[in-house]
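Work through the exercises below on aromatic rings. Try each task before reading its solution.

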Amino acid sequence: MRTSNFLLATLKETPADAEIASHRLMLRAGMVRKVAAGIYNWLPMGLRVMRKVEQVVREEMNRAGAQEILMPAVQPAELWQQSGRWEMYGGELLRMQDRHQRDFCFGPTHEEVITSLVSSEIRSYKQLPANFYQIQTKFRDERRPRFGVMRAREFVMKDAYSFHLDQASLQQTYDLMHQTYSRIFSRLGLGFRAVEADTGSIGGSTSHEFHVLADSGEDAIASCDKYHYAANVELAEALAVGGERPAASEQLTTVATPGQRTIAAICDFLDLPVEKTIKTLLVQGAETPAVALVLRGDHELNELKAEKHPAVATPLQWLGEDEVSNAVNCGVGSIGVVGLDVPVIADRSAVNLADFVCGANQDDVHFTGVNWGRDCAEPEVFDLRKVQDGDICARAGSDTSDEARLTIRRGIEVGHIFQLGTKYSDALNATCLDSNGKATLMPMGCYGIGITRIVAAAIEQNNDSRGILWPENMAPFEVVITPVAYHKSAQVKQVCDALYEQLSNSGIEVLLDDRNERPGIMFADADLIGIPHRVVIGEKSLSKGQVEYKFRQADDAEQLTEKELVEKLLSQSSSVHQQACTA
């Protein structure tokens with residue numbers, strides 16, 4: 001491709017509303033342009049990258065035996081009403097009506113449509129297992145779209161759905177999809193981590209998220225390489241810290257604490273470490289007006305874990321100030337466990353404390369020297385807290401070495417796989433006949449990859465002060481030829497054109513920058529776009545029988561003969577393609 005025939009829409013300045021690296025660089029590199037909040041045009045440069053991602057995803061899904069289909073983006077409300085998600089999905093579901101006032105939605109996902117299709121097409125266990133996928137535009141009406149295509153309302157997604165006769169078959173395909181996703185992200189050259197995760201609004205029993213590791217990631221991931229453990233912090237098990245509970249050594253004492261409403265304020269006021277305090281949080285109970293959740297003062301409540309306790313209402317609902325006052329006769333900052341007349345659920349670490357400090361259920365008063373069993377009833381114990389960097393891995397057993405501790409890293413979720421069970425097949429009556437001729441509900445799996453999000457995540461992980469550092473399988477072009485005086489020197493033009501034809505005919509994707517611009521501008525654009533290999537051709541180098549070659553991430557350029565250059569580029573291209581075939 002020549003730039004004279006290509007929309008090279010690079011920008012020198014970054015638009016003011018671009019908050020993260022991928023958003024800034026996708027705009028500056030001429031990959032996308034905003035149409036409305038969370039909705040983007042994909043320009044030729046960006047679309048080339050997106051198609052590269054799609055190609056790898058499609059090849060690996062096909063290799064895994066999945067069958068590609070295409071389902072409608074607009075879906076009838078009846079299917080969503082059958083599954084119960086028409087009301088449950090919430091404001092992200094874009095609802096609409098046709099001219100006959102019939103309800104439809106723009107699909108954010110396709111569990112209902114695929115289940116309806118399979119229920120009418122698959123009759124026998126002999127047709128199972130079956131795995132169908134599509135690559136298609138989705139729409140989720142985000143309340144606050146931001147970060148460019150990272151959290152857009154309209155996006156491209158690969159979603160797949162598998163159907164089975166039994167759980168054993170579902171597990172086999174689930175494991176295969178886990179392997180397939182790992183191959184996809186490895187081929188794309190991305191540093192990633194597969195983590196245990198919550199199933200969320202999709203439902204089901206088991207799920208894993210795939211995260212591209214990047215400091216800008218919105219999700220926190222807890223991992224331990226020694227025990228091959230990784231989980232989203234929302235799901236990661238938090239063991240008790242601080243050892244077993246010691247014996248009581250202090251007497252219960254009432255202390256006036258005027259105006260002290262927070263853990264930090266109490267610690268300063270009483271001159272004690274935060275590890276000696278507990279905080280008591282009141283939420284709505286499933287069958288009671290209030291439930292108390294107790295954590296050590298320096299720990300943070302994991303709301304997702306709390307929701308899973310049967311005594312806690314779902315979704316989690318905090319009690320307001322008036323409700324707290326009615327329940328315990330004090331303000332939020334003075335709640336404690338002594339004499340508390342509501343169900344109490346305590347985190348493992350909080351239960352291990354002795355001689356601790358807590359509120360006295362009276363404004364401006366706290367207790368010191370509080371002990372479980374003596375001053376208040378032994379609570380129900382439950383894993384309530386978020387894990388922290390340095391916690392012992394839940395799989396470590398008695399191992400307390402540094403290698404057995406969790407590391408918290410940031411990640412960008414780009415893929416998610418689920419075991420759905422029979423949630424949707426039951427709702428939409430998707431059955432098949434088993435070997436005995438009996439109608440059996442088909443367990444399902446669901447497997448999603450955010451195509452457009454991968455593009456942004458790759459940039460977040462791979463960039464420098466000059467622009468994008470594409471992994472080679474994702475780069476819009478493999479090579480850029482940058483002439484010096486292309487429009488003035490017949491020799492430079494001839495060599496550039498000949499090299500362009502030779503490389504293109506060899507299957508290498510080449511961009512020939514034939515603009516009448518200064519070399520510095522062309523160099524800056526090539527670095528901004530992130531093309532891995534740059535060739536500079538000018539009369540000075542040609543007079544020595546050489547051309548200049550530079551790898552995007554290298555510090556220095558090399559002087560090569562044309563023959564050496566071609567051999568190097570063909571070898572590089574062949575290596576990348578070979579890796580794709582053997583990944």
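**Aromatic contacts**

The structure holds eight aromatic pairs. Rings of Phe, Tyr and Trp (its six-membered ring) pair if their centres lie within 6.5 Å. This is a predicted model: local features need pLDDT of at least 70, side-chain atom pairs count only at pLDDT 80 or more, and totals for chains, interfaces and linings use all residues. Residues are numbered from 1 along each chain as its sequence is written, and side-chain values use heavy atoms, with hydrogens and water left out.

**Exercise 1.** Classify the pair F106 and F139 by its ring planes.

Solution. The ring centres are 5.7 Å apart and the planes stand at 55 degrees, so the pair is tilted. (Planes under 30 degrees apart count as stacked, over 60 as edge-to-face and the rest as tilted.) Next, place the residues. F106 is in strand β6 (residues 103–106) and F139 in strand β7 (residues 130–139), so the pair ties together parts 33 residues apart in sequence. Strands are DSSP runs (E, at least two residues), as helices are (H or I, at least four), numbered from the N terminus. Both F106 and F139 are buried (under 20% relative accessible area, 1.4 Å probe, protein chains only).

Note on methods. Buried < 20%, exposed > 50% of the residue type's maximum accessible area, 1.4 Å probe, protein only.
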